[in-house]
Amino acid sequence: MTIYKSNTDRVVVLDTETTGMPVTDGHRIIEIGCVEVIGRKLTGRHYHVYLQPDREVDEGAIAVHGITNEFLVDKPRFRDVADEFFEFIKGAQLIIHNAAFDIGFINNEFALLGQQDRADIADHCSVLDTLLMARERHPGQRNSLDALCKRYGVDNSGRDLHGALLDAEILADVFLTMTGGQTHLSLAGEGDDSNGGRQQPTAIRRLPANRVATRIIRASDDELAAHAARLAAIEKAAGAASLWAQLEQPMEAETQPA
C-alpha cells in the first residue's frame with residue numbers, strides 16, 4: 001500500500017502497541033517502536049517510547065504485549081513526544097505490518113491534539129504494508145509476522161510477547177529478506193547536486209579491441225550443486241519457480257533437435 005511517494009531512500013520500520021482495539025472505541029497507543037534503514041542497511045538509529053494512555057489497558061491486550069496499567073503510570077503522554085516522533089518519521093517510507101491499524105491509531109493521536117496538519121500521516125510519509133505484500137506473494141497462506149519469520153528464515157526466538165521495538169526490528173529483517181536481491185542499477189557518475197540531486201551519467205568508454213582477453217573461470221561441480229540448492233530454497237519460500245529456472249526452460253528448448 002503506497003499512499004505517498006517519498007523522494008528519499010530513508011526507510012522507517014514502525015510498530016505500535018495499544019490499549020486494545022478498535023481505535024473508534026477510544027483505544028490509545030501505549031508503545032511506539034521504530035528502526036531506521038538507509039540503503040537497505042540498519043543504521044542503528046531507532047525511536048522507542050512507552051506512553052500513558054489515560055485509560056485502562058484491556059486484559060486481552062495485556063495478554064498479547066504484557067504492558068500493564070501499573071507500568072504505564074509514570075510514562076509520558078503522546079502530546080509530550082508528538083514533535084520528536086513526527087520529526088523521526090517525517091519524509092520517510094514507513095514499513096508497517098497491517099499498516100491500516102497502526103496508521104489509524106497514529107492519525108487519531110495527532111487528531112486528539114488538534115494537530116490536523118499531522119492527522120493524516122500519509123501526507124508526510126509513504127506507507128508500505130508488508131501484510132498486503134505478503135498476501136499478494138503468498139495467497140491463501142498465513143502471513144502473520146511469525147509466519148513470515150518462519151517462511152523467510154528470520155530469527156524471532158525472542159518474541160514471547162509482542163513489543164513495538166522488537167517487532168519493528170524483526171519486521172525490518174523480514175522486509176529486507178522479502179525484497180532482497182539487486183536493488184539499484186546505475187550507470188551514473190559521481191556527479192553533484194546541480195541537477196536536483198540526480199547524478200549525471202558518465203560518458204561511455206569503449207575498450208580497445210586489442211586488449212588482453214578476460215580470463216573465464218567456470219563454476220565447479222560443487223559450486224553448481226550449491227547454486228541449485230539455493231534456487232530450490234528460494235522456490236520453496238516463494239512458492240514459485242525462480243527467474244533462473246524460467247529463463248533456462250526456453251534455452252533448453254532451443255537446444256533440443258527438431
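Some ground rules. Residues are numbered from 1 along each chain as its sequence is written, and side-chain values use heavy atoms, with hydrogens and water left out. Because the model is predicted, local features need pLDDT of at least 70 and side-chain atom pairs count only at pLDDT 80 or more, while totals for chains, interfaces and linings use all residues.

I start with the sheet. Five strands make up an open sheet with mixed pairing, in the order 3-2-1-4-5. Helices (H or I, at least four residues) and strands (E, at least two) are DSSP runs, numbered from the N terminus. Two strands pair if DSSP finds at least two bridges between them. Strand 3 and strand 5 (126–129) are the edges; each has a single partner strand, so one side of each has no neighbour in the sheet. On average, neighbouring strands are turned by 25° against each other, direction ignored. Here axes are lines fitted to C-alpha atoms, for helices over the stretch in contact, and angles run from 0 to 180 degrees between N-to-C directions.

Strand 4 (residues 93–96) and strand 5 run parallel and are joined by four bridges. One example is L94, whose bridge partner in strand 5 is V127. Helix 4 packs on this sheet, touching strand 1, strand 2, strand 4 and strand 5, and its direction makes about 80° with that of strand 1. Contact means heavy atoms within 4.5 Å. Helix 7 (residues 164–178) also packs on the sheet; it touches strand 1, strand 2, strand 3, strand 4 and strand 5, at about 35° to the direction of strand 2.

Next, charges. Side chains of opposite charge can pair when their charged atoms come close. A salt bridge is a side-chain nitrogen of Lys or Arg within 4 Å of a carboxyl oxygen of Asp or Glu. By this rule there are eight salt bridges. In one of them R28 meets E109, with 2.9 Å from N to O. R28 is in the loop between strand 1 (10–18) and strand 2 (29–38), E109 is in helix 4 (residues 99–112), and they are 81 residues apart. Is E109 buried or exposed? E109 is buried, at 1% relative accessible area. Buried means under 20%, exposed over 50%, and partly exposed in between (1.4 Å probe, protein chains only).

Another salt bridge joins R45 and E36, at 3.0 Å between the closest N and O atoms. R45 is partly exposed at 46%, whereas E36 is buried at 4%. R10, E36 and R45 are linked in a network of salt bridges.

Last, the rings. The whole structure holds eight aromatic pairs. Rings of Phe, Tyr and Trp (its six-membered ring) pair if their centres lie within 6.5 Å; planes under 30 degrees apart count as stacked, over 60 as edge-to-face and the rest as tilted. Y50 and F71 are edge-to-face, with 4.9 Å between centres and 85° between planes. Y50 lies in strand 3 (residues 41–50) and F71 in helix 2 (residues 69–72), so this pair ties together parts 21 residues apart in sequence. F85 and F110 are stacked, at 6.4 Å and 10°. Both are buried. Ring pairs link Y47, F78, F85, F86, F88 and F110 into a cluster.

R10 returns here, lying over the face of F88 at 5.0 Å from the ring centre. For this, NZ of Lys or CZ of Arg must be within 6 Å of the ring centre and within 35 degrees of the ring normal.
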